[in-house]
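Trainee: I would like to go through some labels on this model. Please set each value against its rule.

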Amino acid sequence: MQQVSSNVYVETGFRGCNPGFVTTKEGIVMIDSPQNPSDVVKFQEQIRGKGEVRYLINTEPHVDHVAGNYFFSVAVIAHEGFKEALSSLTVEGIKEWVKTGDPNGLTLMERYFLRKPSITFSERLFLYLGDHTFEVIHLPGHTASEAAIYIPEEHVVFTGDNIFHKVQTFLHEAYPNEWLQSLKRIEELDVDVIVPGHGEVCDKSYIKEQASFIEEWIDAVRQAIKQGLTKEEALERISFLDRYPMDIGIEALGPEVQRWNVERLYVLLIET
C-alpha cells in the first residue's frame with residue numbers, strides 16, 4: 001500500500017486494477033475494489049483503523065475493478081452505462097476468473113453476488129464527504145462508461161484504465177478518438193499525482209506517452225488496412241509486446257491482448 005498524498009492510499013501490487021481509498025473526517029471513500037478475494041482481505045486490513053468505508057466508486061465495469069464490490073456493504077457509485085455493461089458478467093464467470101489467480105479465495109465466495117451501482121450519473125457527479133470533494137467525471141475511452149475521480153484537495157486523480165502506466169494497454173472495447181480527448185481533459189486537471197488503472201502511480205508527464213501509444217496502435221492497423229491486409233492477416237502481424245510488459249499476473253495473456261486490440265481497431269477503422 002502506497003500513500004500518495006495526505007489522505008490518499010493506493011495498492012499497485014495486486015493482480016487486476018489499482019484499488020485505492022481516501023480518508024476524510026466523515027469516513028472513507030474507496031475507488032475500485034480488489035479482484036481477488038484474498039487481496040480483498042489484505043485491503044480490508046490496510047483500511048482497518050483509518051475509518052469506516054462510506055462509499056465505493058467504480059471507474060469502469062470490467063471484472064478486475066468490480067469483482068470485489070461484494071465484500072463492501074456500501075453504496076456503489078458508477079456511470080449510468082454500467083447497467084448494460086455489467087449484464088455480460090455472471091457469478092460463475094467471475095468465479096472462473098478468480099480461480100485462475102486466487103483459487104484459495106473461492107472459499108470466500110460461497111454467497112457471492114455482483115454488487116452493482118446504486119448511485120449513477122451521466123456526465124458528472126459531485127460527492128462531498130468531510131472536507132473532501134470527489135468529482136466523478138465521465139471520460140469515455142478505454143470503455144464507453146469510463147470515469148475519472150478527481151480529488152482537488154489532494155491534487156490527485158484516479159483515471160481508471162484510460163491510463164496504463166508502462167504496461168500493455170487494452171483496447172478491446174476502446175473508443176480511441178474519445179480516449180485521446182479524455183486524456184486531454186485529464187491533462188487540464190490541477191493534479192500532482194495520477195493513479196492509473198494499471199501500473200505504478202505517475203504524474204501528468206506520462207499522458208503524452210499514453211496518447212502516443214494509442215495513436216501508434218491506430219496507425220498500425222490503419223496501415224494494414226491500406227495495404228489490403230485482411231483482419232486475419234493483421235491479427236497475425238501486429239503486436240506491440242516488445243514495447244511494454246503485461247501487468248502483474250496476466251503475462252500469459254499478452255498475445256491474446258494484441259489480437260483483441262487489432263480486432264477492435266480493424267472493425268472501427270473499416271466502419272469509418
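Mentor: Start with Lys208 and Glu187, which form a salt bridge with their closest N and O atoms 2.9 Å apart. This is a predicted model, where local features need pLDDT of at least 70, side-chain atom pairs count only at pLDDT 80 or more, and totals for chains, interfaces and linings use all residues. Residues are numbered from 1 along each chain as its sequence is written, and side-chain values use heavy atoms, leaving out hydrogens and water.

Trainee: Why is the pair Lys208 and Glu187 called a salt bridge?

Mentor: The rule asks for a side-chain nitrogen of Lys or Arg within 4 Å of a carboxyl oxygen of Asp or Glu. Here the closest N and O atoms are 2.9 Å apart, so the pair meets the rule.

Trainee: What does the pair of Lys208 and Glu187 tie together?

Mentor: Lys208 lies in helix 6 and Glu187 in helix 5 (residues 176–187), so parts 21 residues apart in sequence are tied together. Helices are DSSP runs (H or I, at least four residues), numbered from the N terminus.

Trainee: Why does Lys208 count as exposed, and Glu187 as partly exposed?

Mentor: Buried means under 20% relative accessible area, exposed over 50%, partly exposed in between (1.4 Å probe, protein chains only). Lys208 has 59%, so it is exposed. Glu187 has 28%, so it is partly exposed.

Trainee: What makes Arg243 and Glu216 a link between distant parts of the chain?

Mentor: They are 27 residues apart, with Arg243 in the loop between helix 7 (231–237) and helix 8, and Glu216 in helix 6. Their salt bridge has its closest N and O atoms 2.9 Å apart. Arg243, at 35%, is partly exposed. Glu216, at 29%, is partly exposed too.

Trainee: How do you know that Asp39 is buried?

Mentor: Its relative accessible area is 9%, so Asp39 is buried. Asp39 meets Lys42 in a salt bridge (3.7 Å, N to O). Lys42, at 43%, is partly exposed.

Trainee: How many salt bridges does the rule give?

Mentor: The count comes to 10.

Trainee: Which residues of helix 6 and helix 8 make the contact?

Mentor: The axes of helix 6 (residues 207–226) and helix 8 (residues 254–271) come within 9 Å and cross at roughly 65°. Axes are lines fitted to C-alpha atoms, for helices over the stretch in contact, with angles from 0 to 180 degrees between N-to-C directions. Contact (heavy atoms within 4.5 Å) involves residues including Trp217 and Ile218 of helix 6 and Leu265 and Tyr266 of helix 8.

Definitions and conventions. Helix = DSSP H or I, 4+ residues; strand = E, 2+ residues; numbered from the N terminus.
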